Amino acid sequence: MSEYDDATRLETGDDPTQRHGTFHEEWMIGNAVNGGLVMTTALRALGEHLASDPTETTEHVDPVVLSAYFMTASQPGPFTVTTEVMRCGRKLSTGQMTIHQTGDDGRPVERMRAIGSFGNLTDLDVQRQASPPEMPPPEQCVSAEQAPPDFLANAKFLERLDLRLDPSTAGWALGKPSMRGVMRGWLRLRDGREPDTTMLMMALDALPPVAFDLGLFGWTPTLEFTGHVRRRPEPGWLQVTLGSDTLGGGMMEEDAMIWDSAGNLVAQSRQLCGVRLPKAGG
């Protein structure tokens with residue numbers, strides 16, 4: 001079993017709407033478990049629920065869209081995913097997911113709430129799609145292992161990935177951000193596990209924050225995330241781009257797109273992030 005499959009593994013209990021798992025410290029970024037892993041875990045729970053639901057007469061196996069709100073930062077330790085099937089249709093089936101952990105006072109703390117739809121991303125007829133950007137091949141890009149040691153010490157999640165950043169968007173690691181609000185790179189799981197449609201939702205939230213390219217190196221927590229999966233990825237490297245055009249009011253957007261090894265656009269997202277601006281004169 002790959003590290004990713006182990007990290008998203010769920011157990012069922014007496015309640016068919018609940019599944020239980022454990023978040024591992026190895027998947028943390030900063031002071032929280034990576035939000036992408038949290039989302040993929042919730043999607044796995046909804047997919048398992050749909051597979052066992054008698055009203056799901058058309059089998060739907062691929063997450064197609066997810067809209068998630070992050071209430072509090074997920075922490076290493078046990079968690080519970082509660083799922084509710086809202087509608088089973090011919091093309092899409094939709095459900096709600098919530099993730100809770102037990103707080104220090106023994107009460108449940110909600111970490112994330114999301115609505116997602118599953119379908120079947122096979123035999124797609126694509127009339128138009130965005131083209132992948134021109135980038136150096138992975139072997140000519142900057143490995144995440146070359147990031148500053150103080151950054152890596154707070155980014156154990158990156159040790160699970162093989163991430164290679166386009167040198168033109170990696171200047172922030174040397175204290176020279178481009179200030180264009182752009183991040184690009186090649187991505188795959190370090191243990192060789194090939195991507196699937198559920199893992200794509202994690203990949204949309206896997207690169208360092210695009211805020212780094214704007215010279216903002218503080219924590220940028222995701223407030224809301226909407227992701228679309230467009231097709232099943234081919235095996236091999238994923239090509240990921242991030243961009244941001246708007247910063248204000250302590251918030252910024254981050255747009256992501258992913259292409260597979262065959263050049264197919266396979267996923268895209270927009271998330272709203274909180275950001276802390278440096279104090280004047282600080």
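**Figure 1. Surroundings of proline 208.** Proline 208 touches Phe151, Leu163, Trp172, Met183 and Leu242, not counting residues up to four places away in sequence; a contact means heavy atoms within 4.5 Å. The model is predicted, with local features needing pLDDT of at least 70, side-chain atom pairs counted only at pLDDT 80 or more, and totals for chains, interfaces and linings using all residues. Residues are numbered from 1 along each chain as its sequence is written, and side-chain values use heavy atoms, with hydrogens and water left out. Proline 208 is found in the loop between α4 and β12; helices (H or I, at least four residues) and strands (E, at least two) are DSSP runs, numbered from the N terminus. With a relative accessible area of 5%, proline 208 is buried. Buried stands for under 20% relative accessible area, exposed for over 50%, and partly exposed for values in between (1.4 Å probe, protein chains only). Between the C-alpha atoms of proline 208 and asparagine 154, which are 54 residues apart along the chain, the separation is 12 Å.

**Figure 2. Aspartate 213 in the loop between α4 and β12.** Aspartate 213 has 0% relative accessibility and counts as buried. Leaving aside residues up to four places away in sequence, aspartate 213 touches Thr169, Trp172, Pro177, Ser178, Met179, Arg180, Gly181 and Val182. Alanine 173 is 40 residues from aspartate 213 in sequence, and their C-alpha atoms are 9.0 Å apart in space. One of the residues touched, Met179, lies in the loop between β10 (161–165) and β11 (182–189). Phi of methionine 179 is near 65°, a positive value in a residue other than glycine.

Figure 3. Proline 137 and tryptophan 186 are 49 residues apart in sequence and 8.3 Å apart in space, C-alpha to C-alpha.

**Figure 4. The largest pocket and its lining.** The largest pocket holds about 830 Å³ of space. On a 1 Å grid over the protein atoms alone, a pocket is an open set of points where a 1.4 Å probe fits, with protein on both sides within 12 Å along at least five of seven lines; lining residues have an atom within 4 Å of a point. Its lining has 37 residues, of which Ile29, Gly30, Pro209, Trp219 and Thr220 lie nearest the centre. At least two lining residues come from each of β4 (32–33), α2 (35–52), α3 (149–152), β12 (222–229) and β16 (265–274). The lining divides into 24 nonpolar, ten polar and three charged residues; Ala, Val, Leu, Ile, Met, Phe, Trp, Tyr, Cys and Pro count as nonpolar, Asp, Glu, Lys and Arg as charged, and the others, Gly among them, as polar.

**Figure 5. The chain as context for the close-ups.** The chain has four helices and 16 strands. Along its principal axes the C-alpha trace spans about 55 × 50 × 35 Å. Of the 282 residues, 50% count as buried. Among contacts in the chain with a separation of 6 or more, 72% involve residues 24 or more positions apart.

Methods: Grid points are joined across faces, edges and corners, and a volume is the space filled by probe spheres set on the points.
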